[in-house]
Amino acid sequence: MRVVTRLLVAVSALGLGSSAYSFAPFFSNFQDHYEANGIDVSELSAEENCGVCHVRAGGGGRRNAYGQDFARITLGQGAGFNGIEFLDSDKDSFINLEEIFLQTAPGSQDMAPVSRLDLTIEDGLLQVTNLEDCSALELISFGLSFVGSDENEPETTAINIEPESFESAISIAGTEGVVLAKCAGEGYVGSLQIEADEDETTEE
Ligand SMILES: [Ca+2]
């Protein structure tokens with residue numbers, strides 16, 4: 001008799017747990033993925049975390065545009081978070097990765113970056129423009145690394161710098177990846193994708 005009672009209690013507790021928290025693991029995966037890659041998502045986490053994927057910030061119900069892409073591509077096609085990072089789910093002209101880096105909502109136009117930073121490479125050096133009013137510039141790279149003008153300094157994948165001291169003396173090492181830049185206080189963000197040169201093996 002005692003055994004049966006215990007079993008029922010255990011099943012009941014499991015049932016409650018799964019209905020109340022059924023979607024929380026997805027957000028936990030989101031946090032783990034971006035924090036492991038050096039992207040702070042604490043503001044997205046602190047504030048209405050289910051709102052990253054759902055229309056209602058409390059979770060449940062309809063998914064927003066990012067949540068729909070997450071369900072269809074990240075889970076449905078097994079493409080992971082990387083599979084939707086270069087989409088602009090909410091069509092506000094900023095890709096999801098830029099919005100996650102700036103911690104604006106990738107699935108809602110109600111929260112969007114203020115302005116775009118333009119990133120280019122000229123003569124091998126990284127250029128960032130539209131830095132007017134930017135109080136602190138943060139750069140991060142994936143698959144690539146930053147190389148400063150001082151040869152003795154090691155390559156790095158993340159730089160925080162005052163915009164006035166950013167003199168375009170940073171070059172990019174590597175053949176394929178992405179560089180992200182933001183001025184968090186002002187809401188500016190931008191990115192640069194570098195793809196491997198397919199003509200590399202061409203011979204003349
Ligand atoms: Ca967007």
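Buried residues make up 28% of the 204 residues in the protein chain, where buried takes 20 or more other C-beta atoms within 10 Å of a residue's own, exposed takes 12 or fewer, partly exposed falls in between, and C-beta atoms are placed from the backbone. This is a predicted model, in which local features need pLDDT of at least 70 and side-chain atom pairs count only at pLDDT 80 or more, while totals for chains, interfaces and linings use all residues. Residues are numbered from 1 along each chain as its sequence is written.

**Confidence**

With pLDDT being the predictor's confidence in each residue, from 0 to 100, the protein chain averages 82, and 83% of its residues reach 70 or more. Over residues 1-22 pLDDT stays under 50, and the model has 0 contacts beyond four places in sequence for them. A contact here is a pair of residues whose C-beta atoms, placed from the backbone, lie within 7 Å.

**Layout**

The protein chain has 5 helices and 9 strands, taken as DSSP runs numbered from the N terminus (helices are H or I, at least four residues; strands are E, at least two). From the N terminus on, the order is α-α-α-α-α-β-β-β-β-β-β-β-β-β. Of the contacts between residues at least 6 apart in sequence, 50% join residues at least 24 apart.

Helix 4 (residues 65-75) has A65, Y66, G67, D69, F70 and T74 as its buried residues. Helix 5 (96-102) is part of what covers them. As for helices in general, an α-helix has 3.6 residues a turn, so residues three or four places apart point the same way.

**The sheet and the hairpin**

Strands count as paired when DSSP finds at least two bridges between them. On that basis 5 strands form an open sheet in the order 1-9-8-4-6, with mixed pairing. Strand 1 (115-116) and strand 6 (158-161) stand at the edges with a single partner strand each, so one side of each is left without a neighbour in the sheet. Strand 6 pairs with strand 4 (residues 137-142) in the antiparallel sense, and L137 stands opposite I161 there.

Strand 2 and strand 3 run antiparallel too, and I121 stands opposite L126 in strand 3. Strand 3 has L126 and V128 on its covered face, while L125, Q127 and T129 sit on the uncovered one.

Here are the bridge counts for these two pairs:

| Strand pair | Sense | Bridges |
|---|---|---|
| Strand 2 and strand 3 | antiparallel | 5 bridges |
| Strand 4 and strand 6 | antiparallel | 4 bridges |

Which residue takes a positive phi in the hairpin of strand 2 and strand 3? It's D123, with phi near 55°, and the hairpin has 2 residues between the strands. D123 is not a glycine, and it lies in the loop between strand 2 (118-122) and strand 3 (125-129). D123 counts as exposed because it has 7 C-beta neighbours inside 10 Å. D123 and S171 are 48 residues apart in sequence but 9.0 Å apart in space, C-alpha to C-alpha.

K91 also has a positive phi, about 55°, although it is not a glycine. K91 lies in the loop between helix 4 and helix 5. Why is K91 exposed? Because K91 has 9 other C-beta atoms within 10 Å.

Terms used: Contact = placed C-beta atoms within 7 Å.
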